[in-house]
Amino acid sequence: MKLKKAMILFGTVCMLNIMVAGCGSVSEPAAKTERNQAGETLPEERSDVSLEETDGSTEALQENTTGKWQVLEPDVAAAVDADFLGKVWKMEEDSFFIAEKKAIILDDGSLSCSSPSSNADLPDSLLIHVVFDDDSCFLHKIIDENGEGSEVKEAGFQDLKEFMSVEMKGCFINDEFHATEIRFF
């Protein structure tokens with residue numbers, strides 16, 4: 001009788017260990033590690049690489065492998081001609097915050113986008129800080145009644161308003177999006 005209980009307990013512990021090991025999720029490949037001067041193991045830092053820095057090669061993708069936010073998948077980025085999509089959520093004096101706009105290419109080749117409702121109460125942890133410099137380009141995309149883009153005009157940061165959709169080119173650095181081009185509509 002004791003042997004049977006011990007076997008059941010042992011089997012339960014083994015199953016629990018298998019479930020814990022098998023149910024864990026890995027969101028990105030294990031980072032290489034290095035040791036700092038104090039002997040602590042640190043993840044290897046990677047920086048975003050722009051296409052200009054890689055001789056224009058489209059095979060070298062921008063990566064923010066250590067951060068929470070990632071640029072769009074290459075096929076989606078090519079379809080929308082942008083590195084990241086969002087909805088302006090909060091404005092500051094010289095920057096703004098967006099909620100991520102999800103985009104996927106469906107089986108029929110069409111593009112499907114979704115963003116949070118303007119009435120949603122999003123915590124700051126779900127917002128992405130967007131910064132830009134004097135060289136960043138702002139473009140206002142005028143949409144006609146058919147939902148098509150009919151005109152694109154040069155604009156400025158002052159023309160950007162809360163809850164506008166944005167299509168941006170740039171890269172992530174430390175979970176901040178550094179925009180080189182911002183199109184809004």
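Is Cys113 buried, exposed or partly exposed, and what is its relative accessible area? I found Cys113 partly exposed at 37%, where buried means under 20% relative accessible area, exposed over 50% and partly exposed in between, with a 1.4 Å probe and protein chains only. I then looked up Cys171, which is buried at 14%.

I noted the basis of the values. This is a predicted model, in which local features need pLDDT of at least 70 and side-chain atom pairs pLDDT 80 or more, while totals for chains, interfaces and linings use all residues. Residues are numbered from 1 along each chain as its sequence is written, and side-chain values use heavy atoms, without hydrogens and water.

I checked for disulfides (a pair of cysteine sulfur atoms within 2.5 Å) and the count was zero.

Next I looked up the nonpolar cores (buried Ala, Val, Leu, Ile, Met, Phe, Trp, Tyr and Cys residues joined through side-chain atoms within 4.5 Å). The largest has 18 residues, and Phe96, Ile98 and Leu160 are among those with the most contacts inside it. Strand 10 (176-184) is one of the strands that supply at least two residues of this core; strands are DSSP runs of E, at least two residues, numbered from the N terminus. Strand 10 gives the largest share, four residues. Another core, of seven residues, lies apart and includes Leu72 and Leu85.

Last, I looked at Ser165, which is in strand 9 and is buried at 14%. Its side chain makes a polar contact of 3.4 Å with that of Lys101; such a contact is a pair of N or O atoms within 3.5 Å, and within protein one must be able to donate a hydrogen and the other to accept it, with residues adjacent in sequence counting only if both atoms are side-chain atoms.
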